[in-house]
Amino acid sequence: MLKNAYKLLLDAFGPQHWWPGETPFEVVVGAVLTQNTSWRNVERAIDNLRDADLLEPRALYEVPVEELETLIQPAGYFRVKVRRLRSMLEFIIEQYDGSLDAMFQTNLFELREQLLGVHGVGPETADSILLYAGGLPSFVVDAYTHRVFARHGWIDFDADYHQIQDYAQGELPQDVRLYNEYHALLVRVGKDFCRKSRPRCEECPLQELLPNGKPLMRD
DNA sequence: CACCAGGCAAGTA
DNA sequence: TACTTGCATGGT
């Protein structure tokens, strides 16, 4: 069913060009800053960092905490996120001498476990970094993924992250480009049609895949 | 006005 | 273990 849905989404929306025009380090920063936050606000924060020439691990780590809080303020939760960003930077610097190239030479499962051990890095942030910064085949599950899959009856509403990821990776060939585009398309269809309240299934490209023509809404 | 956004950790029972 | 709450800004 997932391959079918992918074709419908790609035909309807076309390629989404994710992660939006960034270096691997920008992806890492963006992955933390976008936690429960609109990408719009994250871009302002990243623009501030770019204008200050701080999109490099050691440079960013040298910035005083108060100053960093001001720079990323538009992304919200700025105190929490400064703490999380600095934990991530400390990990990159201490374990990989500040080199993302070195970090991504680690094998996928080992690196994923290491990332999950960093304060502020949960499964979605870890997988976003692995896939979009590292080019490694780890399917990203987010709130949209859960909602779209569950409303079509492909998974239970109470399925956890690992169950959803296993379902997706079991249905799909292990292909970085596919994982990349699929997650971006799920975010797109989620924003446009599979909204949390008042979904617009009539105009959704996935409408023909709904069980009874209507979405399951146990959510 | 209420609600939402590409989560996660910490607190409570 | 299984809920619940705090975190902050900006758009609709």
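**The surfaces near the DNA**

Helix α6 contributes the most to the surface near DNA strand C, with three residues. Helices here are DSSP runs (H or I, at least four residues), as strands are (E, at least two), and they are numbered from the N terminus. A residue is near a molecule or strand if its C-beta atom, placed from the backbone, lies within 6 Å of it. The model is predicted, so local features need pLDDT of at least 70 and side-chain atom pairs count only at pLDDT 80 or more, while totals for chains, interfaces and linings use all residues. Residues are numbered from 1 along each chain as its sequence is written, and chains are lettered from A and ligands numbered from 1 in the order in which they are written.

The residues around DNA strand C are Asn 36, Thr 37, Ser 38, Arg 40, Asn 41, Gln 73, Pro 74, Gly 76, Tyr 77, Phe 78, Arg 79 and Val 80. Two or more of them come from each of α3 (39-51) and α6. By class, this surface has four nonpolar, six polar and two charged residues. Ala, Val, Leu, Ile, Met, Phe, Trp, Tyr, Cys and Pro count as nonpolar, Asp, Glu, Lys and Arg as charged, and the others, Gly among them, as polar.

DNA strand B has 25 residues around it, of which Gln 35, Asn 36, Gly 122, Thr 125 and Ala 143 come nearest. At least two residues each are supplied by α9 (123-133) and α12 (176-192), and α9 gives the most, with four residues. The surface near DNA strand B has nine nonpolar, twelve polar and four charged residues.

**Helices α5 and α6**

Helix α6 (residues 78-96) also packs against another helix: its axis and that of α5 (residues 65-72) come within 9 Å and cross at roughly 115°. Axes are lines fitted to C-alpha atoms, for helices over the stretch in contact, and angles run from 0 to 180 degrees between N-to-C directions. On the α5 side, Val 65, Leu 68, Glu 69 and Ile 72 meet Phe 78, Arg 79, Lys 81 and Val 82 of α6; contact means C-beta atoms, placed from the backbone, within 7 Å. These residues divide into five nonpolar, no polar and three charged.

**Two domains**

Chain A is divided into domain 1 (2-16 + 140-209) and domain 2 (24-133), with bounds from an automatic or database domain assignment. Their centres, taken over C-alpha atoms, are 26 Å apart. Seven residues from domain 1 and six residues from domain 2 form the contact. On the domain 1 side, α12 provides the largest share, three residues.

How values were computed:
Two residues are in contact if their C-beta atoms, placed from the backbone, lie within 7 Å.
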